[in-house]
Structures are given as C-alpha cells and as structure tokens.
Amino acid sequence: MKDKIFFESSEMLIINDDFLKTNLVDENSIDLIVTSPPYNVDIKYGAYNDKIPYDVYLQFTEIWLSKANKLLKDDGRMCLNIPLDKNKGGQQSVYADIISIAKKVGFKYHSSIVWNEQNISRRTAWGSWLSASAPYVIAPVEMIAILYKKRWKKESGSGISDITKEEFIEWTNGVWTFMGESKTKIGHPAPFPVELPLRCIKLFSFIGDTVLDPFLGSGSTLIACLHTKRRGIGIEIDRKYCEIAKNRIVNKVRQVQLKFEINEGTD
Ligand SMILES: C[S@@+](CC[C@H](N)C(=O)[O-])C[C@H]1O[C@@H](n2cnc3c(N)ncnc32)[C@H](O)[C@@H]1O
C-alpha cells in the first residue's frame, strides 16, 4: 500500500493505482469529483490501452462511475469532461451513452456545459469533400456534465465560496470558451487546461472541500486545488504521469513561496 502513496502533503495526495481497484479513498468522503476519463480514441498512454471495443469501454465506464458515486458524500457533485461524439474508430454518441450509464449507477443529472475549445484541427476531417456521399459533421467542442449523488443543495463543508461576481455571471452561462492545453508543454498526451477544473471547483465547491480526480494524468486538477485552497486527491495508473503531476505541484508551491518572499521583502 505504501508504494501506492506516490506523494503526500497536508493538502495534496497522489495515489499511483488503478481507480477501479483502489481502496485508498473512503466512501462518502468526497465533495467534488472533477475528471476527464480516457475517451477510447487510441491515445498513446503508457499503462492504459485507449483502443478497446466500444462495449468493453462502456463496461469500464460503468465500473468506474459506480465507484465514483460511492466515494461522494450525499451532497457531492461530479464535473465530468467527456467528448460529445466519437468519430475515430467508428461513430458513437459517447456523451449520451455515458450519461445514461451515470444515471443507471445512481447519479442524478443536473446540467451540462459545452466547452468550446476551439480545436481547429478537428474541423478538417470532413469525410467526402463537397459531396453528399459520406460527409462527416464534427462539433469542435467537448462536454462537461454536471451530476450529483443525492441532493443538489450543498450543506456540508465550510459554506465559504470564493467565486467573484464577474466569474459567477460568466461561468453560469453554459458555453465556456477557452483553449485546450499543450501536450508538449505538459508532457502528457491529453491534459486539460487548469482553467477547466478551476472553474468547476470555484463554481461547485466551498473552500476547504475535498476534490478528487480519479484519472489524474498530469495533475491539472490538483494545480487548480492549490490555487483555490481545496484539498486535492488524484489517482493515476501510470507512474510517469504521477511524477509529472508531483513536479507540477512542487514547482507551483515554489513559485507561490517565491512570490510571497519577494512581496515580504519589498514591504
Ligand atoms: C484524459 S487523461 C486525464 C488528463 C488530465 N485531466 C490532465 O489534465 O492531465 C486520462 C488518464 O487516466 C489514466 N488512467 C487510465 N485508466 C486508469 C485507471 N484505471 N485508474 C487510474 N488512472 C487511469 C491514464 O493514464 C491518463 O493519464
């Protein structure tokens, strides 16, 4: 068990384990899950095979969603970043299929945010160019489904929010427009930008809450937790991505300390 605790500080925990099997997170302990699971689009991850038959992918989805549901408190919530459709390896209504599984395993549906990530490259796979024979329609967006366990009204936690008036007005509009993250800069094949978990955390949780990302990747959700004074737990099956996440956290803490020391020095 000890070697599965990859990194631990007072506010952060990185677990190097399979989320579907791990028993290192207690049931009914999580206020908010923010995550982006593998999309089954043949991304070259290290330990995880991202090209499995669609029915197997949906079984995997059912297992992890059921587990996520158990870990949430009764007024816990989940922000689930998933594709709308899938074109690679056969057309599939991924978003619709995952939402119906989430409901089946006990989640309640609240609403959805369309993330307009302005990914222009996706717009070039048109199929039959200028012909009705087999054109492809592709929406250059991803979805963020907002789900909850039993009660939408949040009663547990500090009750202290840190969202500004401008952020609240802008982010409660369910179309979010900001760019995706650079894979080469982060060193992970599918990172989301910190802006995504940051908005979810400020909109849907209180200061001091516990936030879980069961598919941590490069650790973007934990970076957002650092910015917002939430306790962060991340689970990642691949040890080298745990290392990337840990380094990002350590560097961020150093930057914040340095800024603090410089400000102290100039006072
Ligand atoms: C879409 S990526 C998440 C990227 C992350 N949001 C970020 O900003 O870097 C999905 C991640 O899930 C990991 N993964 C796949 N299966 C897993 C499992 N069973 N348990 C834990 N992590 C898993 C993959 O290694 C991959 O890093």
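A residue counts here as buried if 20 or more other C-beta atoms lie within 10 Å of its own, as exposed if 12 or fewer do, and as partly exposed in between, with C-beta atoms placed from the backbone. This is a predicted model, in which local features need pLDDT of at least 70 and side-chain atom pairs count only at pLDDT 80 or more, while totals for chains, interfaces and linings use all residues. Residues are numbered from 1 along each chain as its sequence is written.

Let us start with the whole protein. It has 7 helices and 9 strands; helices (H or I, at least four residues) and strands (E, at least two) are DSSP runs, numbered from the N terminus. Along the principal axes, the C-alpha atoms fill a box of roughly 70 × 40 × 40 Å. Of the 267 residues, 34% are buried.

Contacts tell us how the chain comes together: two residues are in contact if their C-beta atoms, placed from the backbone, lie within 7 Å. Among contacts between residues at least 6 apart in sequence, 72% join residues at least 24 apart.

Now follow the chain to the loop between β3 (30–35) and α1, where you will find N40. Although N40 is not a glycine, it has a positive phi of about 60°. N40 counts as buried because it has 23 C-beta neighbours inside 10 Å.

Next comes a pair of helices. Helix α1 (residues 54–71) packs against helix α2 (residues 94–104) at an angle of about 40°, with their axes 9 Å apart. Axes are lines fitted to C-alpha atoms, for helices over the stretch in contact, and angles run from 0 to 180 degrees between N-to-C directions. The two helices, α1 and α2, are therefore oblique to each other; angles under 35 degrees count as roughly parallel, over 145 as roughly antiparallel, 65 to 115 as roughly perpendicular and the rest as oblique. On the α1 side, the contact is made by L58, T61, E62 and L65, and on the α2 side by D97, I98, I101 and A102.

Further along lies helix α5 (residues 195–204), which is mostly covered, with 8 of its 10 residues buried. Those buried residues are L196, P197, L198, R199, C200, I201, K202 and F204. Helix α5 packs with α6 at an angle of about 50°, their axes being 8 Å apart, and α5 and α6 are therefore oblique to each other. From α5, the contact takes in P197, L198, I201 and K202; from α6, it takes in S220, T221, A224, C225, H227 and T228.

Phi of K229 is near 60°, a positive value in a residue other than glycine. K229 is partly exposed, with 15 other C-beta atoms within 10 Å.

Our last stop is K246, in helix α7 (residues 239–266). K246 is partly exposed, with 19 other C-beta atoms within 10 Å. Leaving out residues up to four places away in sequence, K246 touches F6, F7 and I14. K246 and S10 are 236 residues apart in sequence and, C-alpha to C-alpha, 14 Å apart in space.
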